[in-house]
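Me: I'd like to go through the labels on this one and ask what each rests on. Ready when you are.

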Amino acid sequence: MSNPYGEALGSTLIDRTFREKIVLVGVTLPGSTDDDTEAGLDELELLVDTAGADVVARMTQRRTAPDHTWFIGQGKAQELKTLCLAVDADTVVFDNELHPAQQFQLEKLLGRTAIDRTAVILDIFGQNARTPEGKAQVELALMRYRLPRLRRGKGAKLSQQRGGVGARFGGGETKLETDRRQINRRIRALETELRQLAETRSLQRKRRDRSGLAEVTIVGYTNAGKSTFLNRLTDAGVLAQDRLFATLDPTTRRLSLPGGEPVLLTDTVGFVRRLPHGLIEAFKGTLETAVTADLLVHVVDSSAPDPEGQITAVREVLSEISADDVPEFIVFNKADLAEDVANDLLRDYPGSVAVSAVTGDGIDHMLATLGDRLRSLDTVVELTIPWERGDVIASVHREGQVVSTAEGEHGMTIRARLSEASTGRLEEWLVEQTRSELSTSRNSVDDGSNGQDGDVSSASQRDGISNDD
Ligand SMILES: Nc1nc2c(ncn2[C@@H]2O[C@H](COP(=O)(O)OP(=O)(O)OP(=O)(O)O)[C@@H](O)[C@H]2O)c(=O)[nH]1
Ligand SMILES: [Mg+2]
């Protein structure tokens, strides 16, 4: 591989000639429990497996703070060394984020490569990127990760000899200064390339806006079934696999809702707990489809060990990319595998629906609800919510699209586009005027011939659905 991407990744891809043996390490710090640590390691094991290596042992420790030198304590580090020898491990992977200096010290002590969760995720992304933009984004994230890890001296030789996962992230460098300069130059070139791609995309989007189609982006935890869901609804033919991060590059398809109304539906990269910040930063281009969407369909795997934890993790990423004010429609997928869990979740998340993207169960109801949610984006209602009801304020933000907020003496006045179902749920907070407008428009809809819009729009603002820019 002679192109720059090949060079950056050539040394980063998992060695396919053999499956590396990996020891996982998890540290429980204040604020988290041993169960959290074990759950984190379960997920890390899946990540390592996806990257193409085998986990052969695990080690955990509880600490009040990370050790400066080895992250774990000195005695524990020695224990880890003995364990590595016993199981003949190639590489040690920490679930916690290692500082470059800790990584270096660990490698020196253990005599094998030591990396963290971020490196494993970068490795998987490196293997799965397909489009020029996807590749540029991954390379940028890799370069930024490598830069502070360039080093000279013994550690470098060590990584080079072993050629393990760790060597892919900056080991083996001796011409430190030249390498640093080269990487910086490459980072700048990639940033420029990505900026240009973003400009092209924004032009394309403007053109699409004029078409007036609502844009719906599928988001969710990795492996939740997002691609299967898109394939079920359209004949997108996106690769769907029981692997993490099978999809990196977005795919958009046109979908006709039951009323015949067409929308654009986009499947994109999945999220994971503690998605590396650098990766989110580099994937701004891809993630933009979530930021500019009219509605997010948040696909959740009902059969996952902790679906609610996954919902929280997805929302955290959405908030990091400033997509948390885009209305969210939760779809509990894989209901065929976990019907009871899905039913419980439906109760806890008002306005959500359950489906199976594989059997097709619930899809018709989901489509009808999706149509309702999109139409409701036309209707602006006004609510006054007392300050002490932060939970209600939060649910308005989550379920609808907030148009404006004003702080009053008794609470917050919010103007928002809300679905009929949400409006019904939040009825007690509606201001008097909205309430009477709603009842008038409901009556007029009842009188009218078009029963489909049981929806409250008195002044239809269909254009409001497309992006403002
Ligand atoms: N039983 C069952 N399996 C499903 C369902 N939906 C998806 N799957 C399976 O779950 C796995 C992941 O599906 P994908 O569609 O690739 O998931 P994704 O969210 O696109 O995952 P990434 O792109 O890797 O983030 C595949 O093996 C699917 O066959 C479902 O409703 N029921
Ligand atoms: Mg996918």
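Reply: Start with a term: on a 1 Å grid over the protein atoms alone, a cavity is a set of points where a 1.4 Å probe fits but cannot get out, a pocket is an open set with protein on both sides within 12 Å along at least five of seven lines, and lining residues have an atom within 4 Å of a point. The model is predicted, so local features need pLDDT of at least 70 and side-chain atom pairs 80 or more, while totals for chains, interfaces and linings use all residues. Side-chain values use heavy atoms, without hydrogens or water, residues are numbered from 1 along each chain, and chains are lettered from A and ligands numbered from 1, as written.

Me: Which residues line the second largest cavity?

Reply: Phe125, Val269, Leu275, Leu279, Ile280, Phe283 and Leu287. Ala, Val, Leu, Ile, Met, Phe, Trp, Tyr, Cys and Pro count as nonpolar, Asp, Glu, Lys and Arg as charged, and the others, Gly among them, as polar. By class, that gives seven nonpolar, no polar and no charged residues.

Me: Why is the pair of Phe125 and Phe283 called edge-to-face?

Reply: Rings of Phe, Tyr and Trp (its six-membered ring) pair if their centres lie within 6.5 Å; planes under 30 degrees apart are stacked, over 60 edge-to-face and the rest tilted. The centres of Phe125 and Phe283 are 5.2 Å apart and the planes are at 90°, so edge-to-face it is. Ring pairs also link Phe125, Phe245 and Phe283 into a cluster.

Me: What makes Phe125 buried?

Reply: Buried means under 20% relative accessible area, exposed over 50%, partly exposed in between (1.4 Å probe, protein chains only). Phe125 comes in at 2%, so it counts as buried. Phe283 has 2% as well, so the label holds there too.

Me: What coordinates the magnesium ion (ligand 2)?

Reply: Donors are N, O and S atoms within 2.8 Å of the metal (3.2 Å for Na, K and Ca), and with water not among the atoms, sites may look incomplete. Ser227 (OG) and Thr247 (OG1) coordinate the ion at 2.0 to 2.1 Å. Ser227 has 8% relative accessible area, so it is buried, and Thr247, at 11%, counts as buried too.

Me: How do you know that Arg149 sits over the ring of Tyr145?

Reply: The rule wants NZ of Lys or CZ of Arg within 6 Å of the ring centre and within 35 degrees of the ring normal. Arg149 lies over the face of Tyr145, at 3.7 Å from the ring centre.
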